[in-house]
Each structure stands twice: as C-alpha cells, then as structure tokens.
Amino acid sequence: MTAPKTLYDKIWDAHVAHEAEDGTCLLYIDRHLVHEVTSPQAFEGLRMAHRPVHAPDKTIAVPDHNVPTTLDRANAATMTEDSRIQVEALDKNAKDFGINYYPVSDVRQGIVHIVGPEQGWTLPGMTVVCGDSHTATHGAFGALAHGIGTSEVEHVLATQTLIQRKGKNMKVEITGKLRPGVTAKDITLSVIGATGTAGGTGYVIEYCGEAIRDLSMEGRMTVCNMAIEGGARAGLIAPDEKTFAYCMGRPHAPKGAQWEAAVAYWKTLFTDEGAHFDKVLTLKGEDIAPVVTWGTSPEDVLPITEVVPAPGSFKGGKVEAAQRALDYMGLEAGQKLTDIKIDTVFIGSCTNGRIEDFRAAAAILKGKKIKDGMRAMVVPGSGLVRAQAEEEGLAQIFIDAGFEWRLAGCSMCLAMNPDQLAPGERCAATSNRNFEGRQGRGGRTHLMSPAMAAAAAITGHLTDVREMM
Amino acid sequence: MDKFEKLTGIAAPMPLVNIDTDMIIPKQFLKTIKRSGLGVNLFDEMRYNQDGSEIESFVLNKPAYRNAEIIVAGENFGCGSSREHAPWALLDFGIRCVISTSFADIFFNNCFKNGILPIVMPQEVVDVLMSDANKGANARMTIDLENQTVTTSDGQSFAFEVDAFKKHCLLNGLDDIGLTLEKVASIKTYEADMNAQRPWV
C-alpha cells in the first residue's frame with residue numbers, strides 16, 4: 001500500500017520527467033502562458049541560441065500588462081512607444097515561433113489568467129506556469145500553477161520543463177458558511193492577514209473546507225490568485241462537479257470519449273485521507289468579515305469595522321514598516337477605517353475581473369450614482385467577460401452609476417499602461433497589491449472585494465457593504 | 001552567466017521588512033526588451049525624488065555604500081511580482097549577494113539564474129551582519145561560496161546552506177537550459193507516455 005498523498009503530491013508525481021540523485025527534478029509543464037512584459041528577453045535568448053519552442057501547441061500568449069483599456073486603443077498611437085515595442089515584439093514572437101496567440105484586436109484577448117481558464121487551456125491536474133506571480137489563479141482548477149522568472153520562461157520555452165525541488169504542503173481550511181456580504185476576496189485577504197506575506201513561503205497551499213467548496217469557480221480563482229501574496233507560489237483547490245461543469249464545452253477542453261476519460265482521471269485528484277500537511281491553518285467562515293487593507297503590504301488587512309492600528313502594536317521590523325506604511329498612506333493610528341475618504345475606484349484585475357465580480361458590484365450600484373468628483377472605472381478581465389457583462393445589462397448599470405466601462409487588460413492593477421494614480425490619490429481597488437507606488441508613484445491603494453469597492457464609490461469613503469445590502 | 005566563487009565587498013544595510021519587487025524595480029522600467037541597463041533605476045522611488053534628484057538619506061546614495069556589492073536585508077526580501085527585472089537591476093547596479101532571514105520563492109530562484117547569491121541566515125546572524133554593514137565602506141564582508149561562509153570585517157565567520165545543484169551552477173556559471181537539453185531523451189519518453197495516458201493534455 002502506498003502512503004496517502006496530498007493533491008499537490010499527486011500532481012507533482014504525475015509530472016516528474018526526470019529526477020536526479022540529489023532530488024532535483026525536471027517538472028514537465030502542460031501549459032505555458034506568456035505575456036508581453038516578461039517574455040521578450042526569453043524569446044531573444046532562444047533566437048541567439050538557435051533553439052525552437054519545444055511545444056508550441058502548449059504555449060499560449062496574450063498581451064495584457066501594458067495594453068491601453070480605452071475604447072480608442074485600436075489606434076496604436078494610444079500606446080507609449082516602449083509599450084508598443086513590447087506588444088509588437090510579442091506579435092512577432094508568437095508568429096515566428098508558432099505559438100497560440102490572442103492579439104489585442106481579438107475579442108478573446110484579456111488578462112492571461114482570465115483567458116487561460118475561459119478558453120479551456122487550464123484543466124484539472126495540469127502544471128501551468130507563466131512569467132507572472134498571479135499564475136497561482138489556475139490552482140482553482142486543481143492545477144499546479146505558479147509564477148516564474150524570465151530565465152525560467154526561456155527554460156520552459158526551450159524544454160517544456162522546469163528545474164524544481166518539491167515544496168512543502170500547507171492546508172488552509174475555511175470551515176462552515178460565509179456570512180452575507182463576505183466574499184472570496186475577504187477569505188483570501190483574511191488568510192494573508194493570519195499568515196503574513198511570508199507565511200506560505202516554501203509551501204503549496206491547498207484550500208479546502210465547506211466555505212471553499214461553496215464558492216463558484218470565479219470565487220475559487222480569486223482565492224488562489226492571492227496565494228502568492230501569502231508567500232506561497234501556488235494555491236490549489238481539489239476539482240469537483242463545479243470544476244467539471246465550468247470546463248465542459250470550453251474551446252480547448254477535451255470532447256467526447258476524451259472528456260469522459262479526463263473526468264475519470266480528474267476525480268482521482270483529491271488529498272487522501274491521512275495525508276501529511278507540514279502546516280495547517282483553519283479559519284471559521286462565520287468569523288470572516290468584509291475586510292480592507294490599510295497599509296502597503298497585503299498582510300495589512302483588517303475588518304472594515306476596525307481602526308487604523310498603531311505601529312507600536314507590532315513586533316520587530318514590522319514596527320518600522322507599519323510606521324512607514326502609515327506615513328505613505330497618509331493615515332493616523334486610531335482613525336476609523338470607514339472615515340477614510342476615497343478619490344478613485346478600480347474594479348478589475350486577474351483577482352476580481354470576472355463576471356461574478358461584476359455582478360456583485362452591479363448589485364450594489366444598481367439605480368445609484370457614484371459620489372460627485374469620484375473617478376471610477378471597471379476594466380473587464382477579457383473581451384468575453386466584457387461582452388457577457390453587456391449582455392446581462394451590468395455594463396449599463398456601471399455606466400449609469402458614473403463608471404467608465406473599459407476594454408480588457410491589467411490596467412490600474414499595476415499601472416503599466418496609462419491607467420495610473422497621481423501622487424496622494426487614494427484608491428479603493430479590487431486588485432491584489434497595495435505596495436508603495438504599485439498603482440502609480442505616490443498612489444494609495446486599499447484592497448477589497450468588488451462589492452466593497454462599489455459601496456465606497458457611492459459613499460466616497462471606505463464603507464461596510466453590509467449596510468447597503 | 002558570470003561565475004560566483006568568492007566575493008569581498010561593501011555590504012549595505014536595508015533592515016526594512018517585506019522589500020518587494022515593485023520597490024526594487026518599479027513597473028515603469030519593465031517596458032524594456034533587454035536585460036541590461038536597469039541598475040540606474042534600482043530602488044527608483046526610494047532613491048530619487050520626483051525631479052530625479054537623489055534622496056540623500058537612502059542607503060545606496062550615501063557615499064559609503066555607492067559601490068555596495070552585498071545587501072543585508074530585512075525578512076521576506078523580494079516578495080511580490082515574479083519580475084526578473086529585480087535581479088537584473090540588482091546585478092546591473094553591482095549587487096552580487098543578498099543576505100536575509102527569508103526570501104520570496106520566485107525572487108530567490110531568479111537570483112541564481114543571474115549569478116546573484118541569496119543567502120538565508122537566522123535572525124541572530126543577520127543582526128550581526130547588519131551591524132557590520134552599518135560600519136560603512138571600511139567594513140568589507142567576504143562571501144565564500146565554495147566553503148559556504150560569510151565573514152565579517154572583524155573576522156567572525158558564519159556558515160550558510162545552499163542547494164548543491166544551484167551551488168554547482170553558480171560556481172561554474174552554467175546555463176540551465178544546456179544542462180536540461182542533455183536530458184531531452186527523458187523528456188521525450190515522458191511526453192510519449194503522457195500522450196498515451198492523458199491524450200487531452
């Protein structure tokens with residue numbers, strides 16, 4: 001009898017193409033997602049060494065990080081020259097190396113982590129990598145998915161493998177039910193608040209428990225997306241009927257007899273009874289509140305009903321970091337979080353740019369207007385999300401409320417395109433990072449769920465969405 | 001990739017925790033299609049004012065540390081984005097070694113691919129190295145990869161752990177891709193097996 005295995009153990013074992021005596025493995029990669037910012041140097045490396053892409057049929061590219069999201073973007077002049085050079089380089093590299101490609105002009109274009117699942121490239125049990133730390137998103141399907149650097153992008157392009165050592169297993173269980181107004185974003189931020197941004201370093205997290213099982217695929221993607229903000233390269237959720245239903249019929253999902261065989265295999269992808277986890281965190285679903293971040297690290301998270309903490313309440317190096325965060329954020333210890341005024345609202349990103357996120361925000365915004373003077377934008381995660389939101393009437397709700405309704409891209413999550421905060425501008429954002437300068441030099445970011453961001457847009461300050469439900 | 005064998009150089013103290021890759025190299029500098037030239041923008045927003053003038057109090061702007069080759073940092077150095085531009089910027093500035101109690105995984109890996117040695121040390125050792133780094137330019141630390149030791153300016157020596165394969169690659173400046181392609185037969189065998197077992201992949 002073999003020892004019980006975790007889900008991570010099973011996927012890992014199924015992908016070791018070679019193991020050296022010292023335990024260093026070549027991990028086979030089933031899907032390699034590529035975008036314009038972290039790939040040019042990798043393709044250049046291949047050219048210089050006269051190497052082809054090993055498996056172009058398993059390589060999928062889409063420009064997302066610095067494409068404009070304004071409606072006039074078909075006009076190349078809307079892009080700065082350096083951004084245009086990167087996008088054109090990806091156009092050329094995709095063509096020269098014969099990989100799958102969704103150019104800016106394609107309705108299927110969008111953020112790479114939204115396009116992958118949407119097109120059925122991401123499937124349970126796969127290994128998925130991308131030169132982007134939020135590749136963890138794909139773990140929602142029970143795929144082992146993580147970010148890599150550009151040297152590793154080149155390595156995967158050339159060999160379809162990564163040189164890896166196995167990580168440790170961590171279990172994050174969310175028991176019971178979530179209360180009304182609490183979402184997947186509140187779960188994932190609360191977990192980071194509990195572990196700290198380095199709590200998952202060296203681990204692959206498996207999220208489980210009733211509250212996780214109850215989430216839609218969109219919600220599960222939000223949870224796994226931010227595994228990296230807790231330090232874990234990858235987050236995983238075991239596939240179930242919801243996963244299979246989401247995958248069925250997608251353009252690159254298997255069909256017919258292959259579908260049946262695939263589902264039979266996917267049903268074996270769960271953690272065995274008694275399997276060993278090196279670290280365990282359990283949170284009660286009912287204890288999780290709608291949360292916001294107050295500082296400049298995703299671990300700086302508190303329920304919306306709290307006050308800004310005093311730096312002296314922390315320990316070690318965090319005291320200095322918290323003081324620096326308060327100075328940067330322009331906040332005072334003891335200030336109520338709901339008293340923090342907001343200039344801008346950004347709804348979108350690979351964390352919260354899917355249809356369910358827009359439904360949640362639109363439910364709060366329906367028939368209401370955003371605060372006078374508020375700058376607010378919704379940026380769909382893909383052209384298909386945009387089309388669906390228009391069909392469901394969500395786009396009109398955003399527009400009527402006073403939001404800009406944009407084209408798909410990463411946009412103000414990392415502000416590589418023109419969507420940026422000015423110094424001192426304060427933003428309620430559904431994205432994943434509140435680092436200094438992340439949304440623009442001097443910009444101040446508060447992370448939260450789409451419903452909470454919508455509530456802040458209406459009142460002009462951080463708001464407990466439960467009061468608006 | 002340049003070899004890393006032994007390095008004696010100035011160490012700059014950066015005790016702040018959670019120094020993320022957005023701090024190391026802000027996104028406006030990711031629009032390059034080259035690996036070189038990023039050193040001037042290393043820690044850009046901590047290092048320069050809006051008008052481009054230097055912020056005097058920032059450690060790498062102080063005369064003693066302008067030629068630093070080592071950084072002693074607070075915990076969780078390199079967290080956040082996977083951007084390899086972070087180690088490229090460090091390397092272009094001249095940093096060949098970073099010492100901390102912990103590093104983010106992706107950054108840690110990216111360093112080794114670029115001839116930078118990240119060293120994990122326990123808190124009490126980092127505290128000693130941090131005070132040594134605080135002595136300025138006259139205090140030079142020595143990193144000996146072969147023997148896996150860090151030696152302070154006053155001769156205190158501390159051993160560190162490093163993955164044997166990564167050490168081998170760094171000592172010899174080896175290209176990972178070349179090494180992996182020597183195992184292409186294993187990869188092809190794996191692919192043939194998987195085509196039979198999981199043809200939908």
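Helices and strands are DSSP runs, helices of at least four residues and strands of at least two, numbered from the N terminus. The views below show a predicted model.

**View 1. The annotated span of chain B.** An unreviewed UniProt entry annotates residues 1-123 of chain B as "domain: Aconitase A/isopropylmalate dehydratase small subunit swivel".

**View 2. The largest nonpolar core.** This core has 89 residues, and those touching the most other members are A:Val345, A:Phe398, A:Phe403, B:Phe43, B:Phe77 and B:Leu90. Helix 16 of chain A (residues 450-459) supplies the largest share, eight residues. Domain 1 (1-289) and domain 2 (291-468) of chain A each contribute at least three residues.

**View 3. The surroundings of A:Phe403.** Leaving aside residues up to four places away in sequence, A:Phe403 touches several residues, including A:Val345, A:Leu365, A:Met377, A:Phe398 and A:Ala457. Another core, of 61 residues, lies apart from the largest one; among its members are A:Leu123, A:Val204, A:Cys247 and B:Val201.

**View 4. An open sheet in chain A.** Four strands are arranged in the order 11-10-9-12, with parallel pairing. Strand 11 (234-236) and strand 12 (279-284) each have a single partner strand, so one side of each has no neighbour in the sheet. From one strand to the next, the twist averages 20 degrees.

**View 5. Strands 9 and 12 of chain A with helix 6.** Strand 9 (residues 168-175) is joined to strand 12 by six bridges, and A:Thr175 stands opposite A:Lys284. Helix 6 (residues 184-195) of chain A packs on the sheet, touching strands 9, 10 and 12. The direction of helix 6 makes about 125 degrees with that of strand 12.

Methods:
Residues numbered from 1 in each chain as written. Chains lettered and ligands numbered in written order. Predicted model: local features only at pLDDT ≥ 70, side-chain atom pairs only at ≥ 80, totals over all residues. Heavy atoms only, no water. Core = buried A, V, L, I, M, F, W, Y, C linked by side-chain atoms within 4.5 Å. Buried < 20%, exposed > 50% of the residue type's maximum accessible area, 1.4 Å probe, protein only. Domains from an automatic or database assignment. Contact = heavy atoms within 4.5 Å. UniProt positions renumbered as here; feature names shortened; annotations may be inferred. Pairing = 2+ DSSP bridges. Axes fitted to C-alpha atoms, helices over the stretch in contact; angles between N-to-C directions.
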